[in-house]
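Have the model open as you read.

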Amino acid sequence: EDSVFNGRLEKIRDAIVRESGGEKAKLAKAIKELALEVVDGMKQRWEVIDSNTEHEEGTPKKEPKRFADKMLTNYNNIGFIHLLFPKALILHVAREPMDTVFSAFKHDFPPGTLDYTSDFHSLADLYHAYRTIMRHWDKVLPGRVTHVRYEDMVHDMPGMARAIIDATKLAWDPDVLKFHEKKQAVNTLSTTQVRKGVYKHSLKSWTKYETQLQPLVELLGSDVKYDLKTTLPSYKPKSETAES
């Protein structure tokens, strides 16, 4: 997974540990320098991507107002993100647990770092670790992570998209809902899915193989349920909107 934190996490951790026992001013200076280094890395990557993207003739060059890093394992880095970027919007999108693990299990990933997805025990262990650390962040940094239910997003993409853009304090752009019409290359397993727009047929898709997946259900134990609510300030689930 490509991320602006790649190759920097060890340096960030070591610098913070090194300065934590000394003067607060030195620690603050180190954090600021580390944050600027990450932002510079984001800007450099943007320049590379933009220089290799076709633009319509006469279209003025646009500078990004916000950067997004959607690395899947960023849930491990929430403490670092909070420390370096205290005003950053941290979005945690969570899907129904069995749909989540089944989605990973059914894909035939190339051999390497994702081998754990083809084994029930390894997959369950990783999922437990993810849920454990998310509970930790919600406990030690209450309210810092903004939760988004995947199912809310699927059922109400226009409402969810507006609430997310509102949380970033950016102006609404209707093109946000036309992401599936974009022509930019997508170099992930989602390359075909992203061209279809939002669809609902994958919800509860794991139940088609409920018998075969029962051992995985048992391995997830209590984590097979996730009573999570979307916490975007301006978002109201469709049912609430209809009642008001």
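A quick rule before we start: the expected span of a helix is 1.5 Å times one less than its number of residues. Keep in mind that this is a predicted model.

**Helix 1**
- Helix 1 covers residues 9-20, and its 12 residues should span 16 Å at 1.5 Å a residue; the end C-alpha atoms are 16 Å apart, so the two agree.
- Its buried residues are Ile12, Ala15 and Ile16.
- Looking down the axis of helix 1, those buried residues stay within an arc of 95°, which means they line one face of the helix.

**The largest nonpolar core**
- This core has 37 residues, and Leu84, Met98 and Leu216 touch the most other members.
- Elements giving two or more residues to this core are helices 1, 2 and 3, strand 1 (90-94), helix 4 (97-106), helix 5 (120-140) and helix 8 (214-220).
- Helix 5 is the top contributor to this core, with 8 residues.
- Setting aside neighbours within four places in sequence, Leu216 contacts Met98, Val101, Phe120, Leu123 and Ala124.

**A second core**
- There's also a separate core of 11 residues, with Met153, Met157, Met160 and Leu232 among them.

Terms used: Residues are numbered from 1 along each chain as its sequence is written. This is a predicted model: local features need pLDDT of at least 70, side-chain atom pairs count only at pLDDT 80 or more; totals for chains, interfaces and linings use all residues. Side-chain values use heavy atoms; hydrogens and water are left out. Helices (H or I, at least four residues) and strands (E, at least two) are DSSP runs, numbered from the N terminus. Buried means under 20% relative accessible area, exposed over 50%, partly exposed in between (1.4 Å probe, protein chains only). The arc is that of the directions from the helix axis to the C-beta atoms. A nonpolar core is a set of buried Ala, Val, Leu, Ile, Met, Phe, Trp, Tyr and Cys residues joined through side-chain atoms within 4.5 Å. Contact means heavy atoms within 4.5 Å.
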